[in-house]
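Please keep the sequence and the model in view while reading.

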Amino acid sequence: MGKRFDSGARTGVVIVGAGPAGLVLGNLLLDQGIDCVILERRRREAVEGRARAGFLAAHSVRVLAQHGLDTGLLARGRTHRTCLFRSEQGEFTLDYGELGRGEVHTVYPQQELVRDLLAEYLRRGGELRFGAEVEEVSEGRVRSRDGSEITGRYVAGCDGHRGVARATLAAQGTRTARWDHGVTWLAVLAEAPPSLAAVGYALHARGFAGHMARTATVTRYYLQCPRGTDPADWSEDRIWSELEMRLRTAEFGALKQGPVLEKTVVDLRSDVLDSPGAGRLWLAGDAAGLISPSAAKGANLAVLQAERLAQALTLALTRDDESGLARYAADCLPRVWRAHEFSHWMSTLLHGPTAEDAEARYGRALQYARLDSLRTSRTHQDFFAENYTGI
Ligand code: RFL
């Protein structure tokens, strides 16, 4: 654990949250000799054990490599370049590594990345305080639940979607653009080897099912389910039989099953703050905007924003020049919105209406036309590949 800071001390940047955004930012600031403190509400084991993302875009891998943060990723990450679509019309595979810009994903579980970033941050001499729940941020002053206070020239809100930083900006009048995709997923983590050589997306009358490799022994699955679903209603048997049905294993081969390690319900929602900061408070990652997980962009946007915010804060703190901060929104938002546009498009590809009325039939026909276009049009495939791997 890092050194404890003194109550009332002043530092360059106080970072709230030790997720991917806060830890990338902390490491990049330390690289520039800028002193920072990370305050994290959870215990270290909880931070290091939280399984979420797994697919890193080429840009994220480049950022991590440029700053010497890719040792674990190089040793244990696996290149991934194909995805597969199944529906009542059969299956097809896209080798997206050969399409678009020829970029691929690196599969590396988020909790392993967080573990690496945390170890490296502490090794570089960074201060990190676990169990420090921030309750209030005001004019560079950050107050934790235990009453301790620390003041930074700047505060970086990297405390996720439900954090204090976002609420503070919202209270100051920052507006949000928001979308509810109207879809809910049961996100399942299974102690089972991947069953497919590719990411698998299954369109089915009962709803979408997804298969994503994580490691040689752990696989993430998604099942579309009704809004308000209680994960407790989904027994292991029910999960596997629904996955088998939607992934059409009778036709294409059985799944490698194993114990379910985790099941959570995720409502697919997205939002973007009009401006990710002002004055002394600047946000990165889920704090600045939430993106539905349908195209696996969240952690990648967190890395992009942390990189850009690190550059802007470095300029401000080393040259007394806030022009980078003034440009931070304009630097990030066009790429953030491209990611949202693609995620939204993915969502309309993966989820059709489930009702039986004329509008629902029309919506489903469009969904299948979209899939057919992806199967047959090289132009469409290039568009897909460029956006699927791009940030
Ligand atoms: P995080 O990871 O939520 O970290 C925020 C940290 O802040 C702490 N915190 C506080 N600390 C102090 N005081 C407070 N008041 C605090 N409030 C909160 C929290 O404890 C936490 O440690 O946000 P960050 O860093 O912005 O990172 C964002 C990513 O975690 C997220 O976007 C991704 O996980 C999204 N996502 C995926 N992204 C991808 O790029 N590829 C994927 O394959 C992918 N799969 C996923 C996902 C998200 C999922 N869920 C659970 C929504 C799969 C799932 C199921």
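**Annotated regions**

The UniProt annotation "domain: FAD-binding", from an unreviewed entry, covers residues 11–343. UniProt positions follow the numbering used here, feature names are shortened, and annotations may be inferred rather than shown by experiment. The model is predicted: local features need pLDDT of at least 70, side-chain atom pairs count only at pLDDT 80 or more, and totals for chains, interfaces and linings use all residues. Residues are numbered from 1 along each chain as its sequence is written, and side-chain values use heavy atoms, with hydrogens and water left out.

Over residues 11–343 the chain is 34% helix and 31% strand, with the end C-alpha atoms 38 Å apart. Helices (H or I, at least four residues) and strands (E, at least two) are DSSP runs, numbered from the N terminus. Over residues 12–30 the chain is 58% helix and 26% strand, and the end C-alpha atoms lie 10 Å apart.

**The sheets**

Strands of a sheet pair through backbone hydrogen bonds, either parallel or antiparallel. Here two strands count as paired if DSSP finds at least two bridges between them. An open sheet of eight strands has the order β6-β5-β13-β14-β15-β12-β16-β19, and its pairing is mixed. Its edge strands, each pairing on one side only, are β6 (90–95) and β19 (289–290). Within this sheet, β14 (residues 209–213) and β15 (residues 219–225) run antiparallel and are joined by five bridges; His211 stands opposite Tyr221 in β15.

Helix α10 (residues 323–350) lies across β5 (82–87), β12 (176–190), β13 (199–202), β16 (260–273) and β19, running at about 125° to β16. Helix α12 packs on the sheet as well, touching β5, β6 and β13, and its direction makes about 120° with that of β5. Contact means heavy atoms within 4.5 Å, while axes are lines fitted to C-alpha atoms, for helices over the stretch in contact, and angles run from 0 to 180 degrees between N-to-C directions.

Another open sheet has three strands in the order β3-β7-β4, with antiparallel pairing. Its edges are β3 (55–56) and β4 (78–80), each of which pairs on one side only. Two bridges link β3 with β7 (residues 105–107), and Phe55 stands opposite Val107 in β7.

A hairpin is formed by β9 and β10, with two residues between the strands; Glu139 in the turn has a positive phi of about 50°. Four bridges join β9 (residues 134–138) to β10 (residues 141–144) in the antiparallel sense, and Glu136 has Arg143 as its bridge partner in β10.

**Helix against helix**

Helices α11 (residues 358–376) and α12 (residues 378–389) pack at an angle of about 100°, their axes 6 Å apart. The two are therefore roughly perpendicular to each other; angles under 35 degrees count as roughly parallel, over 145 as roughly antiparallel, 65 to 115 as roughly perpendicular and the rest as oblique. The contact involves Arg370, Ser373, Leu374, Arg375 and Thr376 of α11, together with Arg378, His380, Gln381 and Phe384 of α12.

Helices α3 (residues 58–66) and α9 (residues 298–319) pack at about 45°, with axes 9 Å apart, which makes α3 oblique to α9. In this contact, His59, Ser60, Val63 and Gln66 in α3 meet Asn300, Val303, Leu304, Glu307 and Arg308 in α9.
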